[in-house]
Amino acid sequence: MTTLAPYACHPESTRGRRVAEAPPEGRSDFQRDRDRIIHCSAFRRLEYKTQVFLNHEGDLFRTRLTHSIEVAQIARTLARNLGLQEDLTEAIALAHDLGHTPFGHAGQDELNACLHELAPEAGGFEHNLQSLRVVDELEERYAAFDGLNLCFETREGILKHCSRRHARTLGEVGARFLQGTQPSLEAQITNLADEIAYNNHDVDDGLRSGLITLEQLQQVEIFAEHHDQVRRRCPGVEPKRLVSEVIRGMINTLVLDLTHTAQARIAQLQPRSVDDVRAGPPMAAFSPALQVQADALKQFLLHNLYRHPQVMRMMGKARRVVRELFQAFLEDPRLLEAEYRRDDPVAQARAIADYIAGMTDRYAVREHRALFHME
């Protein structure tokens, strides 16, 4: 059993839950959080939500579910390296995208635009805030409370971005966005594990799709370095195995660099508790040199994959589906199931956003077809 560092989040010292509960038997509070997340409906729906490629475009591309599992795997490795709480880290990783819309960032951006344009009083849409809303309010599994009633530390990690406007409404969990303080180290490393996961698996999916090529990627320093290392180590290796070896090497390099950089910052700042971590500067980071390489890879993916004409065409169609669903439901709430109807216009807009955000890709397409296509 790994000994926790003094600056880790210790389950026996949790700040607690929104609704008091008896402590669990045979597991810690953070294990209970992780288990509740895995068993909730929103987690299962991630299987059919887009990462980059729409869910129906192929069985081998990542989805939000497989992405979340990969984030959890990387984050647990980092947590173990740094003496942090692994169960809490895993819980944050598995829950961080629970509020994501269908169709990836295109769906999120369009839903945000719809709320701002058609129901400005509702306050827009932030997928991190929606993830917190899922675990605090929207899941309906327990008789004693709405949501999953997670520990403060898990909720803190889920909410990695938040506007000041919304932070003012969230009490203790939103305070750091107003005060300029940091979350726990478990939350910090999970945020960076998310970046490691999506940058590398998007390279894999982009190559698999044929939208980017090995020749293009060899213009990116971190990829070129690992590509050349694999070629020297394994001459004549077939392309499929080459790509896997390169991606494995890049992930390992990023994880080790993050570990060593965080260890150096911790040694310099010497936090003695999680409150010291929250009061200090960020302690989880890549070294400056590797940050430059990671940023270059991110920019490559932005310009060559995420903005590829084929992806943009599909995302344009996805945005139209989200907008037309939102407009139809807002104009005639009778199209909604009774549980999503509200008397107050602002509450109605938010309920529609909750409904659409909870849809899988294929369910959104099916709803759109049922409303707009005569059969």
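**Ground rules**

This is a predicted model, in which local features need pLDDT of at least 70 and side-chain atom pairs count only at pLDDT 80 or more, while totals for chains, interfaces and linings use all residues. Residues are numbered from 1 along each chain as its sequence is written, and side-chain values use heavy atoms, with hydrogens and water left out.

**Pockets**

Rolling a probe the size of a water molecule over the atoms shows where empty space is left. The search runs on a 1 Å grid over the protein atoms alone. A pocket is an open set of points with protein on both sides within 12 Å along at least five of seven lines. A cavity is a set of points where a 1.4 Å probe fits but cannot get out. Lining residues have an atom within 4 Å of a point. Grid points are joined across faces, edges and corners, and a volume is the space filled by probe spheres set on the points.

The largest pocket has a volume of about 850 Å³. Its lining has 34 residues. Nearest the centre lie Arg-64, His-100, His-105, Gln-108 and Tyr-306. Two or more lining residues come from each of α3 (64–82), α5 (104–118), α6 (127–138), α10 (185–209), α15 (288–306) and α16 (309–331). Helices here are DSSP runs (H or I, at least four residues), numbered from the N terminus. The largest share, six residues, belongs to α10. By class, the lining of the largest pocket has eight nonpolar, 15 polar and eleven charged residues. Ala, Val, Leu, Ile, Met, Phe, Trp, Tyr, Cys and Pro count as nonpolar, Asp, Glu, Lys and Arg as charged, and the others, Gly among them, as polar.

The second largest pocket has a volume of about 710 Å³. It is lined by 28 residues, and Arg-45, Leu-138, Glu-339, Tyr-340 and Asp-354 are the closest to its centre. At least two lining residues come from each of α2 (41–45), α6, α17 (345–357) and α18 (361–372). Here α6 gives the largest share, five residues. This lining holds ten nonpolar, five polar and 13 charged residues.

**The cavity**

The count comes to one cavity of 30 Å³ or more. The largest cavity has a volume of about 60 Å³. Its lining includes Glu-195, Ile-196, Phe-286 and Leu-297. Both α10 and α15 supply at least two lining residues, and α10 has the largest share with four. The lining divides into six nonpolar, two polar and one charged.

Leu-297 lies in helix α15. This residue has 3% relative accessibility, so it counts as buried. Buried means under 20% relative accessible area, exposed over 50%, and partly exposed in between (1.4 Å probe, protein chains only). Leu-297 and Val-203 are 94 residues apart in sequence, but their C-alpha atoms are 9.0 Å apart in space.

**Salt bridges**

Side chains of opposite charge can pair when their charged atoms come close. A salt bridge is a side-chain nitrogen of Lys or Arg within 4 Å of a carboxyl oxygen of Asp or Glu. The whole structure has 34 of them.

| Pair | Closest N to O distance |
|---|---|
| Glu-90 and Arg-34 | 2.9 Å |
| Glu-137 and Arg-133 | 3.2 Å |

Glu-90 sits in helix α4 (residues 86–95) and Arg-34 in helix α1 (residues 29–39), so the pair links distant parts of the chain, 56 residues apart. Both residues, Glu-90 and Arg-34, are buried.

Glu-137 and Arg-133 share helix α6, four residues apart, about one turn of the helix. Glu-137 is partly exposed at 41% relative accessible area. Arg-133 is partly exposed too, at 21%.
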